[in-house]
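Here is a friendly briefing to read alongside the structure. Please keep the viewer open as you go through the points.

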Amino acid sequence: YNDILTLTTTGRYDVYSTLPTNNNSIFSPSVAAAFVFDQLIDVPALDFGKFRASYAVTSGEPFDAYQSTFYYNSANSYSGVPAGSSPTSLPNLNLKPFTTSEVEFGVDLSFFNNRLGFDIAYYQKETHNEIMRAGYSITSGFNSAVVATGSTSNKGLEVLVTGVPIQTENFTWKSSFNLSNVKNKILSTDPNNNPVNLGQNRATLGNAVTAYVVGEAGPQIRAYDYAYNADGSIKVSEAGLPVRGNLINMGSVLPTLYGGWNNDFIYKGVMFSFLIDYNYGNKVLSATEFYSTFRGLNQVTLDGRESGVTTGNVTATAERYYQALAQNVTSTSVVDGDFIKLRQLTLGYSFPSKWFGNTPVLKGLSVSLVGRNIGFLMRKAKNIDPEASFGSNINYTGIEGQNLPSTRSFGFNLNFKLN
């Protein structure tokens, strides 16, 4: 309306082949509004200003196909007799698409002839009827079941600041900084709101896991703590070895604060840029920490290596003590995932366009050297790359399995512009 007000609505109808045919479709609406206000106020420095708000519902389907029907599996024959097996996970005949509802409010601002800009957004998102696996007692005939009772809440603030601090005839400095602050909470899991385990590594097999835990940020790392005496001292066995304590929540595998800072410097035809990433607030379940402690390769195992480790009046050999520590107190395998990283460096040159004025095909040429994953400026995990993980699947996020660090790479780019 009058280049000031904008209203947009959409409707989406999805049909999912992985769900029962009588319950596999859903309609998802959305609405968005924007108000451009810079023309209605007298602020000389303001070039552009806009408020925006939106509400949307999206939908999704199960993590795998064939979760709603009971299928038998064929197996090798036994003494010439064909064999088969039934599934160990109970299907759910009543599955339906899960939904995610999201509300977002934001503002876009531009100042000083577009040399300073802000893009700020706050959002609140909640999933309903989320599909996940829940553990069952094996006495039921199944060790797990597919349920659609999960719910997760996410709230966050996203900020992008862009600017041109210096701009002259021959030199330009462009800079941008972004941050995301996220708080999530597991609202419900299975019908009894029990923790739902997701992943583990071979080192701490079953003794430390990632899981959805109601009331906590998720996925949460759960590991065994030290056992403590009444006076708060660490409890050990008669042989002086650490004793397993309670299973505790150690923190989420997802960061609460992350973002980056990018800078471009251009002097005549020479361009130099760098990108710094940062990540705070998450934990990592590390197999490297476990095995290095168990095998005496971790720096912490130097304590007592010659004389033994004494707790109270009991002394144990360093080998037996640290092996018991790694196996019984799996919280020692959980490390902070905080880091600041020099992600990329680029140095390039663009040849003057006048050089190609008489060429019929070529009108521009630029070359650049690029380095990726240059190195950490700060990291709290001393022995691993905190970005190392089994994969992008949420079941394995935040789980390190003696992975090799991220590869540092260098490249050469040659770009042509054709007429």
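This is a predicted model: local features need pLDDT of at least 70, side-chain atom pairs count only at pLDDT 80 or more; totals for chains, interfaces and linings use all residues.

Residues are numbered from 1 along each chain as its sequence is written, and side-chain values use heavy atoms, with hydrogens and water left out.

**Strand 22 and its partners**

- Strand 22 spans residues 339-350; helices (H or I, at least four residues) and strands (E, at least two) are DSSP runs, numbered from the N terminus.
- Strand 22 pairs with strand 17 (residues 270-280) in the antiparallel sense over 10 bridges, where pairing requires that DSSP finds at least two bridges between the two strands.
- In that pairing, V270 stands opposite Y349 of strand 22.
- Strand 22 also runs antiparallel to strand 23 (residues 362-379), joined to it by 11 bridges.
- There, T346 faces V370 of strand 23 as its opposite residue.
- In a regular strand, side chains alternate between the two faces of the sheet.

- Is K341 buried or exposed? K341 is buried, because its relative accessible area is 2% (buried means under 20%, exposed over 50% and partly exposed in between, with a 1.4 Å probe and protein chains only).
- The side chain of K341 makes a polar contact of 2.9 Å with the side chain of E387, and another of 3.3 Å with the side chain of N373.
- A polar contact is a pair of N or O atoms within 3.5 Å; within protein, one must be able to donate a hydrogen and the other to accept it, and residues adjacent in sequence count only if both atoms are side-chain atoms.

**Aromatic rings**

- The whole structure holds 20 aromatic pairs; rings of Phe, Tyr and Trp (its six-membered ring) pair if their centres lie within 6.5 Å, with planes under 30 degrees apart counted as stacked, over 60 as edge-to-face and the rest as tilted.
- Y321 and Y322 form an edge-to-face pair, 5.2 Å centre to centre with 85° between the planes.
- Y321 is buried at 9% relative accessible area, and Y322 is buried at 6%.
- The pair of F351 and W355 is tilted, because the ring centres are 5.6 Å apart and the planes are at 40°.
- F351 is partly exposed at 26%, whereas W355 is exposed at 53%.
- Ring pairs also link W173, W261, F265, F272 and F274 into a cluster.

**Nonpolar cores**

- The largest nonpolar core has 9 residues, including L241, V309, Y321, Y322 and V329; such a core is a set of buried Ala, Val, Leu, Ile, Met, Phe, Trp, Tyr and Cys residues joined through side-chain atoms within 4.5 Å.
- Helix 2 (residues 318-328) gives this core its largest share, 5 residues.
- A second, separate core has 8 residues, among them Y16, L19, L95 and F98.

**Q67, a loop residue**

- Q67 lies in the loop between strand 3 (46-60) and strand 4 (73-78), and counts as buried at 9% relative accessibility.
- The side chain of Q67 reaches the backbone oxygen of A65 at 3.1 Å.
- Leaving aside neighbours within four places in sequence, Q67 is in contact with residues including P91, N92, L95 and R133.

Note on methods
Contact means heavy atoms within 4.5 Å.
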